[in-house]
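Subject: Structure for you to look at

Hello,

Here is the structure I said I would pass on. Please open it next to this email and follow the notes below in order.

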Amino acid sequence: SLKQTGEAELKGRNGPSENTATGSSKRPRKAQQRRVFWTEEEHRMFLLGLHKYGQGDCLGPAGAELISVFMGTRSPMQVRSHAQKYFLRLKKGHQP
């Protein structure tokens, strides 16, 4: 019936998303969320921005905006994400 079809569609939308190709329970990436790796030059500019504007504030919106404008190739959200991963790697003892 129409009611059962609608309920089945809702269950599919609200239930856990599963990527059947990988067996992962993570939601599949959308086309516009394509992963683009940072180049060595971008990372170098990021480090210069950290040095210029200070490391403590780079995870905040103002610091990320300053570094983003300084770099010219990444958004503030991308800078914050990169900084977060960068500092985690430093904490674990990995060389960036």
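**The nonpolar core**

The largest nonpolar core has ten residues in all: M45, F46, L50, C58, A64, I67, M71, V79, A83 and Y86. Helices α2, α3 and α4 each give two or more residues to this core. Please keep in mind that this is a predicted model.

Leaving aside neighbours within four places in sequence, F46 is in contact with W38, I67, M71, V79, H82, A83 and Y86.

**The protein as a whole**

The protein has four helices and zero strands. Read from the N terminus on, the order of elements is α-α-α-α. Of its 96 residues, 19% count as buried. Among contacts with a separation of 6 or more, 41% are between residues 24 or more positions apart.

**Helix α3**

Which residues of α3 are buried? In this helix, which covers residues 61-71, they are G63, A64, I67, S68 and M71. Looking down the axis of α3, you will find these buried residues within an arc of 135°, so they line one face of the helix.

The face of α3 turned away from the buried side carries P61 and V69, which are exposed. On the buried side, the cover includes α2 (40-53) and α4 (76-92). Just after α3 comes G72, with a positive phi of about 85°.

**How the helices pack**

Two packed helices are described by the angle between their axes and the distance between the axes. Two pairs are worth looking at here.

For α2 and α4, the axes come within 12 Å and cross at roughly 85°. An angle of 65 to 115 degrees counts as roughly perpendicular, and therefore α2 is roughly perpendicular to α4. On the α2 side, the contact is made by H43, F46, L47 and L50, and on the α4 side by V79, H82, A83, Y86 and F87. By type, the residues of this contact are seven nonpolar, two polar and no charged.

For α3 and α4, the axes come within 8 Å and cross at roughly 105°. That angle makes α3 roughly perpendicular to α4. Here α3 supplies P61, A64, E65, I67, S68 and M71, while α4 supplies P76, V79 and R80. The residues of this contact divide into six nonpolar, one polar and two charged.

**R80**

Is R80 buried, exposed or partly exposed? The cut-offs are under 20% relative accessible area for buried and over 50% for exposed, with partly exposed in between. R80 has a relative accessibility of 26%, so it counts as partly exposed.

What does R80 touch, not counting residues up to four places away in sequence? The list is C58, L59, G60, P61 and A64. Along the chain, R80 and G60 are 20 residues apart, and their C-alpha atoms are separated by 7.4 Å. Two of the residues that R80 touches, P61 and A64, also take part in the contact of α3 with α4.

Regards

Notes. Residues are numbered from 1 along each chain as its sequence is written. This is a predicted model: local features need pLDDT of at least 70, side-chain atom pairs count only at pLDDT 80 or more; totals for chains, interfaces and linings use all residues. Side-chain values use heavy atoms; hydrogens and water are left out. Buried means under 20% relative accessible area, exposed over 50%, partly exposed in between (1.4 Å probe, protein chains only). The arc is that of the directions from the helix axis to the C-beta atoms. Contact means heavy atoms within 4.5 Å. A nonpolar core is a set of buried Ala, Val, Leu, Ile, Met, Phe, Trp, Tyr and Cys residues joined through side-chain atoms within 4.5 Å. Axes are lines fitted to C-alpha atoms, for helices over the stretch in contact, and angles run from 0 to 180 degrees between N-to-C directions. Angles under 35 degrees count as roughly parallel, over 145 as roughly antiparallel, 65 to 115 as roughly perpendicular and the rest as oblique. Ala, Val, Leu, Ile, Met, Phe, Trp, Tyr, Cys and Pro count as nonpolar, Asp, Glu, Lys and Arg as charged, and the others, Gly among them, as polar.
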